[in-house]
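My notes follow the display.

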Amino acid sequence: MQRVTLLCVGKLKEKFYAEAAAEYVKRLARYCRLSIVELPEERLPENPSRAQIEAALAKEAENIRGKLPPASGLIALCVEGREWSSEELARRIEAWANAGEKQLVFLIGGSLGLHESVKAQAVEKLSMSPMTFPHHLARVMLLEQIYRAYQINAGTRYHK
């Protein structure tokens, strides 16, 4: 069974996001070994300088690298990533499984995004949309899309 890790900078605080995420975690248990790892988001002053932002992103990148499972395929969610359809995500997940990729890591950065060094490590960069979403909502959306991908690959009626 494929292992999927969601590595997230920041914690879900809102109950409605946590409940939605928990529902997809429960659903995904049939298809993969899912784990969600939350890392702290670096605190910044009200109006941070570019140097302060860069230092915070570098610290988050260090924490991210410390939590990456060995020999995993890293998919970073970032604004400059490619947009995939649900079907394309399903095809890629299936292709990675067929190629023996047993550990996928989807990375969601904090409100300031991801450090360039982490993006450079990614085998893929994925954009959810050209629109901007709160990173907490992005977690729920990504979980739903991963679930949808497994449903597509299983040939169920979930995906219409």
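**Sheet**

I started with strand 1 (residues 3-9), which pairs with strand 2 in the parallel sense over 7 bridges. Here helices (H or I, at least four residues) and strands (E, at least two) are DSSP runs, numbered from the N terminus, and two strands count as paired if DSSP finds at least two bridges between them. Thr-5 has Ser-35 of strand 2 as its bridge partner.

A note on the source: this is a predicted model, in which local features need pLDDT of at least 70 and side-chain atom pairs count only at pLDDT 80 or more, while totals for chains, interfaces and linings use all residues. Residues are numbered from 1 along each chain as its sequence is written, and side-chain values use heavy atoms, with hydrogens and water left out.

I then traced the whole sheet: it is open, has 5 strands in the order 2-1-4-3-5, and its pairing is parallel. Strand 2 (33-39) and strand 5 (124-127) are the edges, each pairing on one side only. From one strand to the next the twist averages 30 degrees.

**Helices across the sheet**

Axes are lines fitted to C-alpha atoms, for helices over the stretch in contact (heavy atoms within 4.5 Å). Angles run from 0 to 180 degrees between N-to-C directions.

Helix 5 (residues 135-154) lies across strand 1, strand 2, strand 3 and strand 4, at about 170 degrees to strand 1.

**Arg-139**

**Cavity**

I searched a 1 Å grid over the protein atoms alone, where a cavity is a set of points that a 1.4 Å probe fits but cannot leave, and lining residues have an atom within 4 Å of a point. The structure holds 1 cavity of 30 Å³ or more. Its lining is Cys-8, Val-9, Gly-10, Ile-108, His-135, His-136 and Arg-139. Strand 1 and helix 5 each give two or more of these residues, and helix 5 gives the most, with 3.

**Pockets**

A pocket is an open set of points with protein on both sides within 12 Å along at least five of seven lines. Grid points are joined across faces, edges and corners, and a volume is the space filled by probe spheres set on the points.

I get about 600 Å³ for the largest pocket. Of its 27 lining residues, Leu-77, Cys-78, Val-79, Gly-113 and Phe-133 are the closest to its centre. Helix 2 gives the largest share of this lining, 4 residues. By class the lining has 14 nonpolar, 9 polar and 4 charged residues.

The second largest pocket has a volume of about 220 Å³. I noted its lining residues, including Lys-11, Lys-13, Glu-41, Glu-42 and Arg-43. Its lining has 1 nonpolar, 4 polar and 5 charged residues. Ala, Val, Leu, Ile, Met, Phe, Trp, Tyr, Cys and Pro count as nonpolar, Asp, Glu, Lys and Arg as charged, and the others, Gly among them, as polar.
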